[in-house]
Amino acid sequence: MDNTTWLVNQTGGSDFILLGFFSQSKHPALLCVVIFVIFLMALSGNAILIFLIHSNTHLHTPMYFFISQLSLMDVMYISVTVPKMLIDQVIGINTISVPECGIQMFLYLTLVGSEYCLLAAMAYDRYMAICHPLRYPVLMNHRICLLLASGCWFLGSVDGFMVTPITMTFPFCRSREIHHFFCEVPAIMKLSCSDTSLIETLMYLCCVLMILIPVTVILSSYSFILLTIYRMTSAEGRKKALTTCSSHMTVVTLFYGAAIYTYMMPSSYHTQEKDTVVSFFYTVLTPVLNPLIYSFRNKDVTGALKKMLNVGPDFQETIK
């Protein structure tokens with residue numbers, strides 16, 4: 001495996017063919033419209049959430065800073081996959097070149113890997129806020145938040161730089177048909193006619209680093225949080241802590257559950273149909289659900305949204 005193999009893949013005569021959802025649907029036009037609506041909902045929901053957090057001074061806290069980063073990641077990684085899928089359906093072309101496939105894979109791995117780490121950072125932030133409230137402003141100052149967020153983006157990019165070149169330098173001498181709607185590593189590796197044990201080992205190590213370690217941080221943080229909540233004497237404080245944490249745990253469960261199935265479950269549990277549906281769930285649906293989970297269950301966000309819709313004098317002052 002070297003640069004020669006990459007050139008052979010790139011110039012070997014044909015592009016990859018993304019079969020996606022539409023080839024299996026009885027009503028592809030209706031499905032295309034539904035996915036387009038979901039895409040617009042994800043973009044608008046996350047964009048509004050980012051705008052609210054940055055324009056309202058009451059939301060300039062570490063928790064909302066991390067939520068804005070999560071929304072930014074969601075906007076970017078749904079944009080990596082869905083527009084290509086929709087455009088291909090509209091113009092009737094479902095091919096993707098090897099370089100385009102590699103770029104899409106790198107961006108997707110980077111953004112998903114960054115989100116794995118960010119969810120762990122958000123759990124750590126909630127642990128500090130609930131278990132160490134007096135020291136929280138010092139321990140989670142703006143500089144620390146920036147360092148944590150930058151570290152998440154860096155680790156995600158490392159994941160992309162490690163996995164993408166190795167995957168794309170395997171020789172693809174089988175069918176060029178990818179039974180997926182984007183260039184995801186497991187779907188691409190099925191096309192290789194060489195020994196894929198190296199990439200499988202690397203994927204396992206990446207899963208340990210990018211999934212199991214953040215999950216351990218999240219579970220540890222929430223174990224301490226639940227213990228602290230149990231000891232609280234204030235019913236109002238207990239309710240507020242549980243509401244905030246349950247929103248985060250809902251997102252964690254949805255995102256990590258799908259990721260663990262995709263990358264860590266034995267191949268005997270996988271089928272092409274299941275893999276496509278699960279990938280669609282955490283690639284397309286999760287970015288729509290995240291702003292809904294964090295807005296409808298959060299009084300601060302709903303209050304800021306009402307203020308924006310009313311365009312009251314206080315809001316006008318914040319956006320000047």
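Colleague: Which residues does the UniProt annotation "transmembrane region" cover?
Modeller: According to the unreviewed UniProt entry, the annotation covers residues 28-52, 64-82, 102-124, 144-166, 202-229, 241-264 and 276-296. Bear in mind that the coordinates are a predicted model.

Colleague: Take residues 102-124. How far apart are the end C-alpha atoms, and what is the span made of?
Modeller: The end C-alpha atoms are 33 Å apart, and the span is 100% helix with 0% strand.

Colleague: And residues 144-166?
Modeller: That span is also 100% helix and 0% strand. Its end C-alpha atoms lie 34 Å apart.

Colleague: How much of the chain counts as buried?
Modeller: Of its 320 residues, 47% do. The accessible surface is about 15,900 Å², and carbon and sulfur atoms account for 68% of that.

Colleague: On to the largest nonpolar core. Which residues touch the most other members?
Modeller: Phe-16, Tyr-116 and Leu-119, in a core of 96 residues. Helix H4, residues 98-131, supplies the largest share of this core, with 20 residues.

Colleague: What does Leu-119 touch, leaving out residues up to four places away in sequence?
Modeller: Leu-70, Ile-218, His-248, Val-251, Val-252, Phe-255 and Tyr-256.

Colleague: For the chain in general, what share of contacts between residues at least 6 apart joins residues at least 24 apart?
Modeller: The figure is 79%.

Colleague: Why does Val-90 count as exposed?
Modeller: Because its relative accessibility is 66%, and the cut-off for exposed is over 50%.

Colleague: Last topic, Cys-193. Where does Cys-193 lie?
Modeller: Cys-193 sits in the loop that runs between helix H7 (185-189) and helix H8 (197-231).

Colleague: Is Cys-193 exposed or partly exposed?
Modeller: Partly exposed, because its relative accessible area is 37%, which falls between the 20% and 50% limits.

Colleague: How far is the C-alpha atom of Cys-193 from that of Pro-171?
Modeller: The two C-alpha atoms are separated by 6.6 Å, while the residues are 22 apart along the chain.

Note on methods
Residues are numbered from 1 along each chain as its sequence is written. This is a predicted model: local features need pLDDT of at least 70, side-chain atom pairs count only at pLDDT 80 or more; totals for chains, interfaces and linings use all residues. Side-chain values use heavy atoms; hydrogens and water are left out. A nonpolar core is a set of buried Ala, Val, Leu, Ile, Met, Phe, Trp, Tyr and Cys residues joined through side-chain atoms within 4.5 Å. Buried means under 20% relative accessible area, exposed over 50%, partly exposed in between (1.4 Å probe, protein chains only). Helices (H or I, at least four residues) and strands (E, at least two) are DSSP runs, numbered from the N terminus. Contact means heavy atoms within 4.5 Å. UniProt positions are given in the numbering used here, feature names are shortened, and annotations may be inferred rather than shown by experiment. Accessible areas come from the Shrake-Rupley method with a 1.4 Å probe; for residues, only the protein chains shown count as cover.
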